[in-house]
Amino acid sequence: MTALVTGGTRGIGRAVVEELLSFGAAVHTCTLDEAELRSCVERWKGMGYLRVTGSVYDVSSREQREQLMKEVASLFSGKLNILVNNAGTVIVKPTIEYSEEDTAHIWATNFESGYHLSQLSHPLLKESGRGSIVFTSSVAGIVAVPYGTPYAATKGAINQLAKNLACEWAKDNIRANCVAPWFTMTPLVAPPCGGGGATELWGGGAHVHTGRSGAAVVRRAVEGDGYLRVTGSVYDVSSREQREQLMKEVASLFSGKLNIPVNNAGILIAKPTTEYTEEDTAHIWATNFESGYHLSQLSHPLLKESGCGSIVFTSSVAGIVALPYGTPYAATKGAINQLAKNLACEWAKDNIRANCKQRRTNIVKPTTEYAQEDTAHIWTTNFESGYHLSQLSHPLLKESGHGSIVFTSSIAGIAALPYGTPYAATKGAINQLTKNLACEWAKDHIRANCVAPSFTRTPLAAPYLDEQTLAKVRSRTPLGRIAEPEEVSSAVAFLCLPATSYITGQTITVDGGTTINGYAVVEELLSFGAAVHTCARNETELQSCVERWRGMGYPRVTGSVCDVSSRKQREQLMSEVASLYAGKLNILINNAGTDITKPTTEYTKEDAAHIWATNFESAFHLSQLSHPLLKESGRGSIVFVSFVAGVVAIPYGTPYAGTKGAMNQLAKNLACEWAVDHIRANSVAPWFTRTPLADPSLDEQTLAKIRSRTPLGRIAEPEEVSSAVAFLCLPAASYITGQTITVDGGMTINGFFFN
């Protein structure tokens, strides 16, 4: 096994080198500091690792990256099993203070180096027969962290790069993944005490007890494999009484201590959603969710007593995307995923880890104190009611010809909040129910979406919103306040309108141009009475559009010729806008973009630079330049027109996808950093849309593929994208910030439904 680790002499990189060496790999690493490299290599060889080498390279330099890979190819005879792209840099300052040189340096070191090294290593990884690329990213590429917006954007780009390479290079037996750590104490801490399935645990020397409903199955499981520390018993985990008996037996067997419960039992009944009976859903719920929840409650004192507890829930991708294997099953898996998040937060203090307008109710207490009646009441009111009403309403919605279901969920179904684990689990279940109904019922012209508000000023929330709680909520909310009911209801109403006819399967969190879609966006804003200035590179086309708009009765539209990939022209554009609007700007729509489609290995330096400058750098710089104007307006809004290629992997250019992933992360960071200036930032990510730019690539074969993966069975119209952009700019969306809203006909939530 051979490996290249960049930045391998300190921190995470150094720990990765040592981990790989301990597995017997031959490892080459590189760094900028020759003395540090020499010291590390000598130390490793002194530890008995003789297959480690190193060289001095600056991975932000294209030329030096090429030299590095020539050395690696020679060293490992043209084969490489593992590439760990770990090198990175950060410059921390307010977004408006970054210079062109700052962003270029961060981009070159953090993204371009990993991208180019992946290109260069492709033939070596392919030749090895089993290649693996790992990018060291950061949680700053997932959520907004105040450590530099360009840094965060490059990490968002890396996360998306991993998805694209994983799909494009799978045929070459190359895998690509991304590790996104939080703040890390280095050297790396000892491996956590965890495990996988029973056989894996036996192999690791664990004392394992397993339970099944069939005696013969248990007997076969514990006999004949040579693992003497395994026991088993016959129990039906869908029975509360039998779960309690099981845990008494386990407590006795392991002297009151338990390190690992694996909640693996489950059942599936697959049929159309409208055909499930009350008994079906109750049985699936009891077996798949309630059993794992109750066993976690019962195991809590044993896990706590062990000093190092770990709960593992066997969920399913059916709890993440929509699969045609039963909506109740999928909902229980969504609930399990959220349960893991809540327990992970609530029980961390006990050294326990956990992985993996409707009537509502909530009962807030510690997880271990919920009675069976509590969980049953919360489940019935929060999930079963919405599920059953959807079943009952199906023929009516279908008959209307244009039906829309909106579930009022909660951010408690997305992130862990200390307001009741059963409540959070039902909200996770609702979010997943939305995805499944969106896919299953799209053929009946029924859309399903979900609005997940944060704390909102309502009678239900009032008892929990004392001053101390309000202070905590404000400290974690970029907009610095709770929501008003009207700010949630406007999102619900918006999702019911014909304007959102291409939005389905989405969970929208309410928590604090002349081509492509720009043409439609301009018209949408003009229709709301806005004064709009647009820019384009094509003067003739621009002039024609402005004249047409004025002929439609919109005298407040202006335009100018500008190539937004040019820094100088961007500065001239913003000077003109500042003059035109007396130093104030309410809305900035970053819509310009370009793409060059080819295999990842064939992109040149110039290709990648051009895509980066047009798609990301232009938007970032225009946001910097517009900041004082947006702030001066008193209520500013930035919307980035991204693409679903920044959310899932699509075969239309890895650099393009990287810039869209960066853009989505940029929206999150600006939303948090500039909330104090009353500026919101969001992103709209459309799927294929009927535009002049897209039309040449939409032949019948391509359209057929798109329809097969899109629950709504068609591409979008420009107006269906522009309406989402316009909504995010309106006062009605005043509590929505940092979100990426996919206008995709349900494509990104579709796991296995085909038209």
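Is E100 buried, exposed or partly exposed? I looked this one up before anything else, keeping in mind that the model is predicted. E100 comes out partly exposed, with a relative accessible area of 33%; that falls between the 20% and 50% cut-offs. Its side chain makes a salt bridge with R567, with the closest N and O atoms 3.5 Å apart.

I got a count of 27 salt bridges.

Next I checked D350 and K349, whose closest N and O atoms are 3.9 Å apart. D350 is buried, at 10% relative accessible area, whereas K349 is exposed, at 64%. I also noted a network: R14, E18 and R43 are joined by salt bridges that share partners.

**Nonpolar cores**

The largest nonpolar core has 58 residues, and V72, L80, I133, I638 and F640 touch the most other members. Helix α18 (residues 605-633) gives the largest share, 8 residues. Domain 1 (2-179) and domain 3 (519-749) each supply at least three residues. I listed what L80 touches beyond four places in sequence: among them are T2, M69, V72, L124 and S128. A second, separate core has 43 residues, including L465, L542, A675 and L728.

**Helix α5**

I looked at α5 (residues 149-168) last. Its 20 residues reach 29 Å from first C-alpha to last, close to the expected 28 Å. Helix α5 is mostly covered, with 16 of its 20 residues buried.

Methods
Residues are numbered from 1 along each chain as its sequence is written. This is a predicted model: local features need pLDDT of at least 70, side-chain atom pairs count only at pLDDT 80 or more; totals for chains, interfaces and linings use all residues. Side-chain values use heavy atoms; hydrogens and water are left out. A nonpolar core is a set of buried Ala, Val, Leu, Ile, Met, Phe, Trp, Tyr and Cys residues joined through side-chain atoms within 4.5 Å. Buried means under 20% relative accessible area, exposed over 50%, partly exposed in between (1.4 Å probe, protein chains only). Helices (H or I, at least four residues) and strands (E, at least two) are DSSP runs, numbered from the N terminus. Domain bounds come from an automatic or database domain assignment. Contact means heavy atoms within 4.5 Å. The expected span of a helix is 1.5 Å times one less than its number of residues. A salt bridge is a side-chain nitrogen of Lys or Arg within 4 Å of a carboxyl oxygen of Asp or Glu.
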